[in-house]
Amino acid sequence: ADPATITMDGNKVVTAIFVEVEYSLTVTVLPDSGAGVVTPDNPGPYHLNDEVTLTAEASAGWSFDSATGWSGAGTTNGAGKRVVVIDGDKTVTATFTQNTYTLTVLKVGNGVVYIVPDQATYTYGASVDLTAVADSGWIFSVWSGDLTGSANPATITMDGDKTVTATFTQNEYTLEISIIGSGSVVKAPDQLKYHLGDVVQLTATPVAGWTFAGWTGDLTGVANPGSVNIDENPSVTAIFTQNEYTLTVNVVGSGSVSKVPEKPTYTYGEVVTLDPNPAVGWIF
């Protein structure tokens, strides 16, 4: 009891025991304990005029601004720590801020990259799916930057600002030229490979005694030169036909001429033997 009463009926000895008052120091972390931790240099218990220094350490993906993050009891020192002098029960709040990161997607070549989810910023640990879709005549090749490999779709984890480049390459196509008959075909431009949308001019030239008759396959008609549009792997055939010539033999006087070989028409370069046969009383 305080005060207490004692009745004097003899010599008495009394001892009064005093103990230090203990005070509480309550630290609150916002928005929750996963954002970071606050560590006191003195774990307590706390007594009058004790000095406690608090250190805030952010978790991965969070930040702590000592100039604005502390509130409640105490003062912030030059090292960004909160110093609390105990003169009663104290409450301190440390507010952490979640980091946000940007994802920059660049392209080389022709195509589009779909981003899911497509956001201006992302928080730490967020997973983002990237799907590359090539334009017609192109193919997705590879990721580079903060994402590597050729897997498509691919996933990137946001633990900082990220930059990813999607590289697309053009498909290459061949133009096959076939010839029926005797002649040649010149391509302009004359290349082993072409790309979608290229236009190739074809000029057919027959050898002597032959005539260009027309195109078949992925180019039709008789226009010469002709043009073929590259769409995948086109195939064109040039048709040449052999010229046919007649041999007319006229006779003056009386007699005949035999032809070897005897045919209604002949081809270029063919040799014909003519044998004159005069009538009786006539000479060649």
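I looked up the secondary structure and found one helix and 27 strands in the protein, where helices (H or I, at least four residues) and strands (E, at least two) are DSSP runs numbered from the N terminus. I note that this is a predicted model, in which local features need pLDDT of at least 70, side-chain atom pairs count only at pLDDT 80 or more, and totals for chains, interfaces and linings use all residues. Residues are numbered from 1 along each chain as its sequence is written, and side-chain values use heavy atoms, without hydrogens and water.

I then turned to overall dimensions. The radius of gyration is 50 Å, whereas a compact globule of 284 residues would have one near 19 Å; it is taken over C-alpha atoms, with the globule rule being 2.2 Å times the number of residues to the power 0.38. I recorded a C-alpha trace spanning about 195 × 30 × 20 Å along the principal axes.

I checked burial next. Of the 284 residues, 27% are buried (under 20% relative accessible area; exposed is over 50%, partly exposed in between; 1.4 Å probe, protein chains only).

I finally examined the salt bridges, of which the structure holds six (a side-chain nitrogen of Lys or Arg within 4 Å of a carboxyl oxygen of Asp or Glu). One of them joins D87 and K90 at 2.5 Å, N to O, and K90 is buried at 18% relative accessible area. In another, the closest N and O atoms of D190 and K187 are 3.8 Å apart; D190 is exposed at 60%, while K187 is buried at 19%. E270 and K263 also pair, at 2.6 Å between the closest N and O atoms; E270 is partly exposed at 28%, and K263 is partly exposed at 32%.
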